[in-house]
Amino acid sequence: MSADTDHRWLAAAAALAARGRPLSRPNPAVGAILVRDGRIVGRGWTQAGGRPHAEAVALAAAGQAAQGATLYVTLEPCAHHSERGPACADLVAAAGLSRVVVGCHDPDPRTAGAGIARITAAGTPVELIDHPACRASLSGFLTRCAHGRPEVTLKLALSADCRFAPPQGQWLTGEIARAHTHAWRAKMDAILVGRGTLAADNPRLDVRLPGLADRSPQRWLLTRGTAPEGWHALPSPQDIAMLSPAQYLMVEGGAQTARAFLAAGLVDRMMLYRAPQTVGGDGAALPELAADVLAGSDSWQLIDSRPLGNDRLDVYERR
């Protein structure tokens, strides 16, 4: 099998993994594809609540067709036993596969190389590829393993002059940009705003897309006081480890909350929805997030920029 073919199948497995996010928590959302003679004979992704794992679903779907197939899986198969299911490394080792291709090493000390070793010891060749799409699909899990906290996405809607408040009674961004935001909310475990945003907007912070209402994330409030019913209180950005087992946190607060997370060095990604109109006045603003300012930044890299109706989405990741 060529390296290009392996990379394409791993990219497909990474796309499949997105179906498990974020419902797979506390487990990572993993994708698995079984390929035999160039055809998919089984596929799976981590199910709600974390079990069954992607490999188990794919092997069950393939049945006898798994014999001699190649397994493409985004994360190293787990090596630890659980009351909720067998170790995937054992299932894979016993499946009679011709080959296993793994897109990302598992940093969990319960697996951390032991999964690959167990499969190899059973006589099935394993190739580990550090695959960018697989790592990206597991970014929240990898962040929690490395730093003990969820991955943080800062989402802001900004005017052309980097202000927040639109004219009274109007939306700053259009319907397409707002729908895009809701699609991203559906990928999050938790969403957070500051006390000022709660008082001014009383936001619902839910997912308002057909069929995705059950993906609405937990609501968190940045406050040293108490949170309203249905909300959770986070005393400071540095306390985000307490969101466990959340792997993905979206921060949607105003300027003060955004600056607090940025100053703490806790923002991994910024999603800036830029509206074409100017707001003016002396309201809250973040001029340091202007496109021309960030273009010269040593800290942020623009990884995506696309039009969304009359608005534009700029996505930055920390270098």
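Me: In strand β2, which residue is the bridge partner of Leu34?

Reply: The partner of Leu34 in β2 is Gly42. Keep in mind that this is a predicted model.

Me: How many bridges join β1 to β2, and do the strands run parallel or antiparallel?

Reply: There are 6 bridges between them. Strand β1 covers residues 31-36, strand β2 covers residues 39-45, and the two run antiparallel.

Me: What do β1 and β2 form, and how many residues lie between them?

Reply: They form a hairpin, with 2 residues between the strands. Look at the turn: Asp37 has a positive phi of about 55 degrees there.

Me: Now the record. Which residues does the UniProt "binding site" annotation that includes His53 cover?

Reply: That annotation, from an unreviewed entry, covers His53, Cys78 and Cys88. The three span 36 residues in sequence, yet no two of their C-alpha atoms are more than 9.1 Å apart, so they gather at one spot.

Me: Where does Cys78 lie, and is Cys78 buried or exposed?

Reply: Find the loop between β3 (70-73) and α3 (88-93); Cys78 lies there. Its relative accessible area is 6%, so Cys78 is buried. Setting aside neighbours within four places in sequence, Cys78 is in contact with His53, Glu55, Ala87, Cys88, Ala89 and Thr111.

Me: And where is Cys88 found?

Reply: In helix α3. Cys88 counts as buried because its relative accessibility is 1%. Beyond residues up to four places away in sequence, Cys88 touches His53, Glu55, Pro77 and Cys78.

Me: Which domain does UniProt place at residues 4-118?

Reply: The unreviewed entry gives "CMP/dCMP-type deaminase" for residues 4-118. Over that stretch the chain is 30% helix and 18% strand. Its end C-alpha atoms are 26 Å apart.

Me: Which residues does the "binding site" annotation that includes Ala157 cover?

Reply: According to UniProt, again an unreviewed entry, the set is Ala157, Trp171, Thr197, Asp201, Gly254, Ala255, Gln256, Thr257, Ala258, Arg259 and Ala260. These residues span 104 residues in sequence, and the farthest two C-alpha atoms are 24.8 Å apart, so they do not all gather at one spot.

Me: Which residues of this set are in the lining of the largest pocket?

Reply: From this set, the lining takes in Ala157, Trp171, Thr197, Asp201, Gly254, Ala255, Gln256, Thr257 and Ala260.

Me: Let me look at Ala258. Is Ala258 buried or exposed?

Reply: Ala258 counts as buried, because its relative accessibility is 0%. Ala258 is found in helix α9, residues 255-263. Leaving out residues up to four places away in sequence, Ala258 touches Leu154, Leu156 and Leu286.

Me: What is the relative accessible area of Arg259?

Reply: The value is 38%, so Arg259 is partly exposed. Arg259 lies in helix α9. Not counting residues up to four places away in sequence, Arg259 touches Ala285, Leu286, Pro287 and Glu288.

Me: How is a pair of aromatic rings described?

Reply: Use the distance of the centres and the angle of the planes. A search of the whole structure finds 1 aromatic pair here.

Me: Charges can sit over rings too. Which ring does the charged end of Arg19 sit over?

Reply: The ring of Trp45, at 4.9 Å from its centre. Arg21 lies over the face of Tyr248, at 3.6 Å from the ring centre.

Conventions
Residues numbered from 1 in each chain as written. Predicted model: local features only at pLDDT ≥ 70, side-chain atom pairs only at ≥ 80, totals over all residues. Heavy atoms only, no water. Phe/Tyr/Trp six-rings, centres within 6.5 Å; stacked < 30°, edge-to-face > 60°. Lys NZ or Arg CZ within 6 Å of the ring centre and 35° of its normal. UniProt positions renumbered as here; feature names shortened; annotations may be inferred. 1 Å grid on protein atoms, 1.4 Å probe; cavity = no way out; pocket = protein on both sides within 12 Å on 5 of 7 lines; lining within 4 Å. Helix = DSSP H or I, 4+ residues; strand = E, 2+ residues; numbered from the N terminus. Buried < 20%, exposed > 50% of the residue type's maximum accessible area, 1.4 Å probe, protein only. Contact = heavy atoms within 4.5 Å. Pairing = 2+ DSSP bridges.
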